[in-house]
Amino acid sequence: MNASLNWLSALLGTELEPTDVAHKLAMLGAPVESIEPLHQDLGDIIVAEVERVERHPNADRLTLCYVNNGVEVVEVVCGAPNVEAGKRYPYAAVGTVLPGGLKLKSRKIRGVQSNGMLCSASELALGADQDGIMELDTDAPAGTRLLDVLPVSDFRLDVEVTPNRPDLLGHKGIARDLGALMRRPVKLPPIPGAAGDTNAPVTTTGNGVVGGVEVSIDDVEGCPRYMAAVIEGVTVGPSPDWLVARLHSVGQRSINNVVDATNYALLELNQPMHAFDRARLGGSKIIVRRGGEGEKIKMLDGEERTLDSSMTAICDAHTATAVGGIMGGRESEVSEQTTDVVLECAYFDPKRIRSTRAALKMSTDASYRFERGTDLQGMADALRRTVQLIITIAGGSEPGPPVDVYPNPVKTPAIFLRPERVAHLLGVEIPQKEIEGYLTSLGFSVGPKNGRLAVHVPGWRPDVVREEDLIEEIARLRGYDSFPTELRPLRPSTVPSDPSQAAEALARRVFTGLGLHEAQSVSFGPQREHAFSIGESVESQDVLNPLSAEEAYLRTDLIEGLRQSVNRNWAVRERDIRLFEIGSVFGKRGDAEVPREQRRLSGVISGARRPAHWSESGPSVDFDRWDVKSLLDEAMRVAGIAGEVTEQDGRWVLRDSEGTWLGWAGEITMSGPPWAAPVFGFEVVMRQGVSRAVRFEAIPSTPPVERDIALWLPAGVQVDQVNEIIGKRGGKLLESAQVFDEFRSAGKRSVAWRLVFRSPDRTLRDKDVDVVLNKVLKELKEQLGVERREA
Amino acid sequence: MATVSPDDQFEAVERTLVELREAGAPRLAELKVELLGRKQGLLTQILRSLSTLEPEERRAVGQRANQLKVEIDAVIGQREQELRAGESSGEDVDPTMPGRRSWRGAIHPVTAVIDDVCEIFRELGFSRVTGPEVETDAYNFTKLNIPLDHPAADMHDTFYLSPGILLRTHTSPVQARTMEQHKPPIRIVVPGRVYRRDPFDASHAPVFSQIEGLAVDEGITFVEFKAALDYFAKHFFSADTEVRFRPSFFPFTEPSAEVDVQCQMCRGSGCATCHRTGFLEIMGAGMVHPAVLENCGIDPERYSGYAFGMGPERIAMLRYGIPDIRMLFQNDMRFLRQFVE
Ligand SMILES: [Zn+2]
């Protein structure tokens, strides 16, 4: 909301300072985003009177003017054709800085000294030049500051208004909040030149007639209250300077005096109004009804729109002439030819306006305000002020009092405020007098009732509906900073921490310790039908209203985002890439169903296994599949999952005992630059609610016995099968069995294990170990045909 | 000598073997003598004593001693090679040559902020909970007192998956979920991913994180609310950080507040980062709206509380001076490396 500082000053009857107002508004809950000075640079320009005009002795096109600047008469050379003796113009003395930064110097023009300059509108940044210098229509004596006769200098404040405060969308509302803080009353500034009062509207629950126009409401739900005034004999034309300046100061264009008057009311009182040309209202009727299905209307913006029965149409006897609360129609628009105006001042239901503007895909100043709720009780005042304004600036008169069609008058109930509840919530005892003071300064009426306060909420505050809303008003006006900060003893929370948070923290510790960096990718991904990494044929969940085609689906895995990150890193010539990510992935369940959501841990590695060191000359050793296999082991451990790892299409795939996919690891085929290293990735499902209890085991006091055995593994026999037998036959004495070597010769494969034996309570003798080892070897031979390789 | 059993001797050999693997050049030479010295070498002694043993034991001990001999030779050879690689020659060591490094990884700067925030609130008794990223209108909006037909809903530009099912626009739904399942006292912080239909630019992202907090108990007041967030700000930023509370509007809090902290760049004197105000907005907060308590089955006459929400990305950008939010999603190694602690 653009607000004019001058306007606010006028409402509060005091000169306001822009940064002070910005601070006050911030502390009232309506922060000012920006303060824009308007024509503040005209402060040194004064009104000067040209006393005499002579021809320039050396130039036909120039004149020599004798200019009274209020102190003396100076000679000024002027090139404008419209300069005339006896008239007043803006004058810049020598030394004045003009808008744009030019500093005026005394100089000779064609041999004649010119002392300053008579200015055109464009030289003062006040618009396009008409026919030379800017003639001032004023009686102010020479020497008066230009800004005193031309009220264009102002500050434009961009006020951020939250959706609960429609009243702050008008200057009066902002001034009211400021006034409550500054203890100043708000008074509407008088309309320059206004004479006499206007008629109060006549309220009726049935139909009303004003100036021959019959007003009726059919759609009471969409439009509970409709007022209309008629002004006959207006002259549509330009608006006076002060009104144009007001509109400019908030960034609005002047259209004509009648339309400007309605805009003025909107900006001042937050009451949108619409003016119809009475002559163009067929059958002299205004009927407020629901739109017909498929009914068409050509609107003020020139577009034709189609109505339906959820919308409110303002109609004449034959056709819709406006969409209620949104925009008027082209047909009944006020034009230069208009002499009789029908002025609409209505209240439209916020929810209906919201759905209408959404359906019509158009938001206007009016719809924005009606949607947030206008002042149902303040309509008469707004209407009368606008009528007065139109009569003052466009002439005309009212044939009779306006009509106020109000079928079901609303009585808003009082809200009861308990002073002890104020203390209970705010933590500070606030005297009742002080509470009353805050509320009445905002326009609430307060009366004590049985130890409570009965508070009546003014129409402009539709957001205040319960006790807590009043308590916020009290805290807001008292100032949030006036409350102390005091911690009291805490009672422990009954809510346990989510175990997933500890599991994810462990995963982060482990993987950063392994040299990987935590990554964060967006949660959107390409469409998949059989995403390899989610195992089962899981369909991508689509987004109904995506920002772009690339973000039309939710990710089904994390690895895709990491794969893209690898590409991005290659693009900036990074070869050594080690990333992991923890995040949610999604799979579609069905239309209109909440998709499956799963936490995952994923990672990629590519490039050197270790940072290069000078002692190890030669090419770096890059990561290979065995590195990612161990990352899979780590991931399984921290993710709290176990299962069977099998090989599938050159990758390791992990499934649980029911065959459900839990993760994978392996090489990722990517086309990188020639210097890039192969890329390996993994991804696992994070199990929720894992408790990873570590248990201490007694540290052995006996020595171990190590035996290295090399075995010939026949074709088709895998290490896991051997491990299983070693584990089983090794019995209690076998502490560990690690593969430490692989050797191939003449098509035969030998794998070597280091076995460690230990008894917890005695020192093992070689023969104890031999007994076990022989059992192992015997079984290996019988079951798998595995033989010991003799050294 | 005869009192020493072969097992003890073997143990001594094995201890020495362990030391051998790590020994520097001078010690390596000593250990070689200790093990294999022609007179007193440990292994030499074992082999020499074989003749005093029973035949059966002699064979076993002999076999083990020979195995050890092979291993010792191998280890000595390997160690000598390592030492040669490490130092080209004994007398010409340049100690300023760089040491051997390992890769180091770092948690994401946004995670670092989330962890720090949650840790401070843990000190105030808040547990750390999470919730689903896909939500319903009910949990994301209506239970939180945001009617969909009110302009307040426009504060959230929402991605919908199907009618009524959406990507949560804040982690506040977890508030409602928690209050439905637990009785006060409740103190939770909820970090997680949220979604808004904002295209990527320097300060917006369609996906980002949020930390939501909620405290509900008997007798929680505006004073305590201010105190808790003041405690947080002073512990997260610095003890002398000025904290400012301004009225604001959120449908799920009443009274509502924006919480500003003194600008960390200019210490409050005004700069470009804080738009010359000396303050930076870091969170939205307020006392829990009674309608939200009612919607979750908690009696607002008996219980009160406060809630707050903040954006870890924004805080990370402020804390580390990151100029563009997109950097947080690009996973550029040159960026991530900077956060190694
Ligand atoms: Zn600053």
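Trainee: Which residues of α5(A) are buried?

Mentor: They are W242(A), L243(A), V244(A), A245(A), R246(A), L247(A) and S249(A). Before we go on, this is a predicted model, in which local features need pLDDT of at least 70 and side-chain atom pairs count only at pLDDT 80 or more, while totals for chains, interfaces and linings use all residues. Residues are numbered from 1 along each chain as its sequence is written, chains are lettered from A and ligands numbered from 1 in the order in which they are written, and side-chain values use heavy atoms, with hydrogens and water left out.

Trainee: Why is helix α5 of chain A called largely enclosed by the rest of the structure?

Mentor: A residue is buried under 20% relative accessible area, exposed over 50% and partly exposed in between (1.4 Å probe, protein chains only). Seven of the nine residues in helix α5 (residues 241–249) of chain A are buried, so the helix counts as largely enclosed. Its name follows from the rule that helices (H or I, at least four residues) and strands (E, at least two) are DSSP runs, numbered from the N terminus.

Trainee: What do the buried residues of α5(A) pack against?

Mentor: Their partners in chain A are β1 (2–4), α1 (5–12), β2 (32–38), β10 (154–159), α6 (257–269) and α9 (379–394). Just after the helix, G251(A) has a positive phi of about 85°.

Trainee: What makes R128(B) buried rather than exposed?

Mentor: The relative accessible area of R128(B) is 18%, so it counts as buried. R128(B) sits in strand β1 (residues 127–128) of chain B. Contact here means heavy atoms within 4.5 Å. Leaving aside neighbours within four places in sequence, R128(B) is in contact with residues of chain A, including S497(A), D498(A) and Q501(A), and with residues of chain B, including I114(B) and D115(B).

Trainee: And P399(A), why is it called partly exposed?

Mentor: Its relative accessible area is 41%, so P399(A) is partly exposed. P399(A) lies in the loop between α9 and β23 (403–405) of chain A. G211(A) is 188 residues away from P399(A) in sequence, but 5.6 Å away in space, C-alpha to C-alpha.

Trainee: How many residues of chain B are in contact with chain A?

Mentor: 103 residues of chain B touch 95 residues of chain A. Buried area is the accessible area (1.4 Å probe) that two parts lose on being put together, summed over both. Between chain B and chain A this comes to about 8900 Å², and carbon and sulfur atoms give 55% of that. On the side of chain B, W103(B), P247(B) and M333(B) lose the most area to chain A, together 10% of what that side buries.

Trainee: What makes the pair D217(B) and R491(A) a salt bridge?

Mentor: A salt bridge is a side-chain nitrogen of Lys or Arg within 4 Å of a carboxyl oxygen of Asp or Glu. For D217(B) and R491(A), the N to O distance is 2.5 Å, so the pair passes the 4 Å rule. There are eight salt bridges between chain B and chain A. In chain B, helix α8 (residues 222–236) gives the largest share of the side that touches chain A, eight residues.

Trainee: How do you know that E214(A) and K285(A) form a salt bridge?

Mentor: Their side chains meet at 3.1 Å, N to O, and that is within the cut-off, so the name applies. E214(A) belongs to strand β13 (residues 213–217) and K285(A) to strand β16 (residues 285–290) of chain A, so the pair ties together parts that are 71 residues apart in sequence. E214(A) is partly exposed at 27%, and K285(A) is partly exposed at 30%.

Trainee: In the salt bridge of E281(B) with R246(B), how far apart are the closest N and O atoms?

Mentor: They are 3.4 Å apart, again within the limit, so this pair qualifies. E281(B) is in strand β9 (residues 279–288) and R246(B) in strand β7 (residues 243–250) of chain B, so parts 35 residues apart in sequence are tied together. At 39% relative accessibility E281(B) is partly exposed, whereas R246(B), at 5%, is buried.

Trainee: Which residues are linked in a network of salt bridges?

Mentor: R165(A), D167(A), D177(A), R461(A), D463(A), E473(A) and R476(A) are linked in this way. Over all chains, the count is 87 salt bridges.
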